[in-house]
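Let us walk through this structure step by step.

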Amino acid sequence: MIPWILEPRDTVMLGDGRPIQAGALRMHSLLSPWPSTLAGLVRTRLATDENGTFTVSADASRQITVLGPWLAELAATGEPIRPLFPAPADVVWFESPGGGVVRIRLQPAPSPEGADSDLAHRDRQLDLVAPASEPPAGKPVRGPLFWTEEELVGWLVAPPDRDECGTLPGRAGPVREQRVHVSIASGTRTAEDGKLFSTEGLRFAVREPGSGELRRLALAFGCEAATLSRGTVLLGGERRPVFLREGAAVLWPQPPAWPAGAKRLRVVLVTPALFREGAVPREIAGAKVVAACVGRPEIVSGFSTEKERFGPKPTRRMAPAGSVYWVEPPPGVPAAQWAGERWMTCVSDEEQDRRDGFGLCLVGVG
């Protein structure tokens with residue numbers, strides 16, 4: 001799989017599907033394009049010639065696998081520095097009484113005797129998820145949205161039950177930027193009364209407050225097609241120009257050395273996943289799901305312009321990026337082998353969803 005980079009030079013508008021209506025004249029933006037949006041962009045570039053004519057059928061294009069996206073941090077010169085991944089859902093942050101913050105790990109826990117919950121369904125009993133250590137008093141605080149590869153791999157291989165941090169680790173993502181617009185009457189070319197609305201875009205290059213240092217971010221992804229070429233492509237609302245170029249090996253995380261004798265593993269989603277049974281499937285790639293920590297569902301849809309499929313695509317609910325599943329590998333399959341085979345692959349149920357990049361994951365010990 002070849003790593004690539006998409007770097008916007010202006011804001012990118014990635015609408016979340018909510019329509020702009022009277023009383024709510026604001027467009028909200030996603031933090032990252034859906035995998036299917038990225039896959040469509042890449043396949044369109046591969047399937048068209050220099051005149052913009054399609055030379056490959058839609059069915060053939062859908063066979064091209066595109067994995068991603070995830071964030072990439074770039075140097076001021078544009079060279080890739082490191083990948084950034086969504087924060088895993090099995091960690092909770094608290095303010096420390098002595099200053100700083102405390103990181104508490106979540107882990108599966110059996111239900112107390114005599115207790116009942118809605119986790120007993122579909123002929124199975126899922127474990128609860130509870131703190132591995134007594135948390136400090138008070139409510140949890142918001143943690144970082146993205147972790148570096150070093151931070152995340154360390155958490156996957158040897159997660160501490162409790163970790164005292166002076167400051168929040170991780171990185172911030174793209175900056176949300178709002179712009180106010182006005183509707184112009186076509187006849188008079190003047191502003192229409194009360195026709196104000198705002199759009200929200202993502203800026204991937206910002207100056208750090210105080211130091212003025214340029215911080216550059218981009219979208220990284222993997223593509224199996226060797227014929228993909230660099231150039232300017234169009235992405236998101238208003239078809240903003242984005243520069244496509246080759247990435248570097250540093251953007252593709254390498255599998256760690258999992259401890260010998262591990263019996264339970266954790267699957268952490270890098271991109272949203274689609275499962276037939278909903279947010280908590282019975283199995284993931286043959287491994288039994290015993291517990292899960294999943295955020296609110298995210299909704300994906302779209303519109304097909306193919307002649308045979310012209311019209312709106314069905315609405316589907318996804319398990320969001322960062323969701324964590326505790327799994328037990330199939331009998332007779334060593335945990336390290338299963339983890340190595342699933343590292344940076346897609347685990348959605350349908351083959352086409354996996355080709356589109358839904359359910360890209362990393363694996364750690366449970």
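Arginine 189 sits in the loop between β12 and β13. Helices (H or I, at least four residues) and strands (E, at least two) are DSSP runs, numbered from the N terminus. This is a predicted model, in which local features need pLDDT of at least 70, side-chain atom pairs count only at pLDDT 80 or more, and totals for chains, interfaces and linings use all residues. Residues are numbered from 1 along each chain as its sequence is written, and side-chain values use heavy atoms, with hydrogens and water left out.

Arginine 189 is not a glycine, yet its phi is positive, about 55 degrees. Is arginine 189 buried or exposed? Arginine 189 is exposed, at a relative accessible area of 63%. Here buried means under 20% relative accessible area, exposed over 50%, and partly exposed in between (1.4 Å probe, protein chains only).

Methionine 344 also calls for a look. Its phi is near 55 degrees, a positive value in a residue other than glycine. Methionine 344 belongs to the loop between α4 (335-342) and α5 (351-356). Methionine 344 counts as buried, with 3% relative accessibility.

From glycine 68 to proline 69 the bond is cis, with omega near 10 degrees. Proline 69 is part of strand β3 (residues 66-74).

Now the interior. In soluble globular proteins, nonpolar side chains tend to be buried together. A nonpolar core is a set of buried Ala, Val, Leu, Ile, Met, Phe, Trp, Tyr and Cys residues joined through side-chain atoms within 4.5 Å. The largest nonpolar core has 53 residues. Trp70, Tyr325, Val327, Trp343 and Leu362 have the most contacts inside it. Strand β20 (residues 287-293) gives the largest share of this core, five residues. A second, separate core has 32 residues, including Val12, Leu84, Val233 and Met318.

Next come the spaces. Rolling a probe the size of a water molecule over the atoms shows where empty space is left. On a 1 Å grid over the protein atoms alone, a cavity is a set of points where a 1.4 Å probe fits but cannot get out; a pocket is an open set with protein on both sides within 12 Å along at least five of seven lines; lining residues have an atom within 4 Å of a point. Grid points are joined across faces, edges and corners, and a volume is the space filled by probe spheres set on the points.

The largest pocket holds about 2000 Å³ of space. Its lining has 48 residues, and Ser36, Thr37, Gly40, Phe303 and Lys313 are the closest to its centre. α1 (35-47) gives the most to this lining, eight residues.

The second largest pocket has a volume of about 1300 Å³. Of its 44 lining residues, Leu31, Leu145, Glu298, Pro320 and Ala321 are the closest to its centre. Strand β3 returns here: β3, β4 (80-86) and β5 (91-95) each supply at least two residues of the lining.

How many cavities of 30 Å³ or more does a search of the whole structure find? The search finds one. About 30 Å³ of space lies in this largest cavity. Among its lining residues are Thr11, Glu177, Arg179 and Arg240. β13 (191-203) provides the largest share of the lining, three residues.
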